[in-house]
Structures are given as structure tokens and as C-alpha cells.
Amino acid sequence: MKSGPGIVIFLGPPGAGKGTQASRVATRLRVPHVSTGDLFRHHLKQGTPIGQLAKGFMDRGALVPDEVVCSMVEDRLGQPDAKGGCILDGFPRTIPQAEALEVLLTRLGRGTTTVVSFDLASSVLEERIGGRLTCKSCGASFHATLNPPKVAGLCDACGKAELHVRADDRPEAVRARMTEYAQKTAPLLDFYASRGALYRVDAGRRIGEIEKDLEVLLDRP
Ligand code: AP5
């Protein structure tokens, strides 16, 4: 019997739909959805030093320094609910982060790693980020026209009326995030392809279609 999906990494540019799919897959496979962006936003809400530090980088669309992210992820993966695996959404994002993750997983004795690349044209990314609404309370994400909440203004996941536009979804910050992705994160595609761990999905399709592909990929024995 398969004991769990192992560590699944969702890799892709800002707005590719990683968070949308990670939340669905994690619910179905009953493993945690570990989003480093959400963890930072949670820290910020709690007013912790990590949150204060990350805010300056996030608001201008820059990556938070590797050592800060890696220690936060190490903490999270050490928690009991992540023992059977998890969906890592937005981590790693640099080669040093990927190398640190390999060392950590070896130390923790965790099994296989599957990396899913969300491939999408940049014109579609702009449209998706342009209409995104995020729940301030639970972090769920919607789109004004492409993926609206069932009841306008209310979050489907937690029911609160706290949908807003993220500070880093302003056009200047989005441009900076795209540049960071191209320079620092895209090289991870070769890094994981060389380890035979990379799977690519066409993320330009409907949410349900992508979800079905992921189901086939991640449920395989
Ligand atoms: P993070 O929160 O991870 O942002 P991101 O990677 O830029 O990803 P997004 O959340 O923008 O997009 P997504 O791919 O999850 O798309 P979504 O599902 O929402 O990181 C924020 C910041 O934190 C970073 O810039 C950095 O500063 C810092 N950070 C985080 N991790 C870090 C790390 N490892 N190292 C250093 N710094 C780090 O979908 C987008 C929109 O499209 C939504 O409106 C959604 O409803 C809609 N949508 C989704 N799928 C579809 C579809 N198939 N069809 C139509 N619409 C769709």
C-alpha cells in the first residue's frame, strides 16, 4: 500500500495556479498544504519578527533571504502532520533552497520527491494575477471572473467577507516577482529534471482539467 505522496513540490511563476491546486490536492490526499507565502503572511498577521522582516521583501516583489525561508520550512516539515508528506507550494525557489531541502529530507529520512512544473504563458499570468482576490483570513484565492467565490465577496473556504487584493499584486511588484522567478527559480527546472523528478503540466487549462492530471500523477502507485 502506498503510504503517502511523499514530498510534492509545486513549481511555477507567480499566478500559475499553484496555490489553487495545492489546496485541492492536499485536501484530497489528506496531507498539509505548505505554502511559504502563506506562512510569511501568517507571521506578518501575528506580528512576529519573521513577518516584519519578510514584509519588506514581499511588498517589493523580492525573494526573502534563503536562510530565513529554509529555517521556517525546516520547522514546518518537522511537525507530526507532515510525516506522511506534504504539498510544498512556493518552496524551493532558488538552487540553495533546493540543496538545503535535499539535506533536510535526507536527515529526516523522508522518501520520494515529485516536482510539478506549472507551465503557462506570461499573458495568461497577468490576467490571473490582475483579477485575483485573496481571503485575508484563511489565504484562499479566487478570481473576480475566472474563479469567482460562490457568493460575491465571501470566501468559499471560511465564509468570511475578507477578500482583498494582495499588496504584492500591484503591477510594479508583479513585474519584480516575474524577474525574480526567471532569474532565480526557473533554473530549478533543470536541477530537478537532471534528478528525473520533474513532471510538467499545462497550467493554461481549466482548474478541473489540471486537477484531474494531478490526480493521475500523484495517485499512481
Ligand atoms: P507566494 O504567495 O508563494 O506567491 P507566488 O509564488 O508569487 O504565487 P502566487 O500566490 O502569486 O500564485 P499561485 O501560483 O499560487 O496562483 P493562484 O493559485 O493564487 O509568495 C509571495 C512572496 O513571498 C514572494 O514574492 C516572496 O517575497 C515570498 N516567498 C514565498 N516563498 C518564498 C521562498 N521560497 N523564497 C523566498 N521568498 C519567498 O492563482 C492565481 C489566480 O488565478 C487566482 O485568482 C486563481 O483564482 C486563478 N486561477 C488559478 N488557476 C486557474 C485556472 N486554471 N484557470 C483560471 N484561473 C485560475
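Trainee: Across which strands does helix α9 lie?

Mentor: The model is a predicted one. Helix α9 covers residues 207-218 and runs at about 160° to β4, which spans 113-119. The strands that α9 lies across are β1, β4 and β8.

Trainee: Which strands stand at the edges of the open sheet?

Mentor: The sheet has five strands with parallel pairing, in the order β2-β3-β1-β4-β8. The two edge strands each have a single partner, so one side of each is left without a neighbour in the sheet. From one strand to the next, the twist averages 25°. The edge strands are β2 (33-35) and β8 (198-202).

Trainee: Which residue of β3 is the bridge partner of isoleucine 9?

Mentor: Strand β1, residues 6-11, pairs with strand β3, residues 85-89. This pairing is parallel and extends over five bridges. Within β3, the bridge partner of isoleucine 9 is leucine 88.

Trainee: How many disulfides does the structure hold?

Mentor: A disulfide requires two cysteine sulfur atoms within 2.5 Å. For cysteine 155, the nearest cysteine sulfur belongs to cysteine 138 and is 3.7 Å away. For cysteine 158, the nearest is that of cysteine 135, at 3.7 Å. Neither cysteine 155 nor cysteine 158 is in a disulfide, and the number in the structure is zero.

Trainee: Is cysteine 155 buried or exposed?

Mentor: Buried means under 20% relative accessible area. Cysteine 158, at 32%, is partly exposed. Cysteine 155 has a relative accessibility of 3%, so cysteine 155 counts as buried.

Methods:
Residues are numbered from 1 along each chain as its sequence is written. This is a predicted model: local features need pLDDT of at least 70, side-chain atom pairs count only at pLDDT 80 or more; totals for chains, interfaces and linings use all residues. Side-chain values use heavy atoms; hydrogens and water are left out. Two strands pair if DSSP finds at least two bridges between them. Helices (H or I, at least four residues) and strands (E, at least two) are DSSP runs, numbered from the N terminus. Axes are lines fitted to C-alpha atoms, for helices over the stretch in contact, and angles run from 0 to 180 degrees between N-to-C directions. Contact means heavy atoms within 4.5 Å. Buried means under 20% relative accessible area, exposed over 50%, partly exposed in between (1.4 Å probe, protein chains only).
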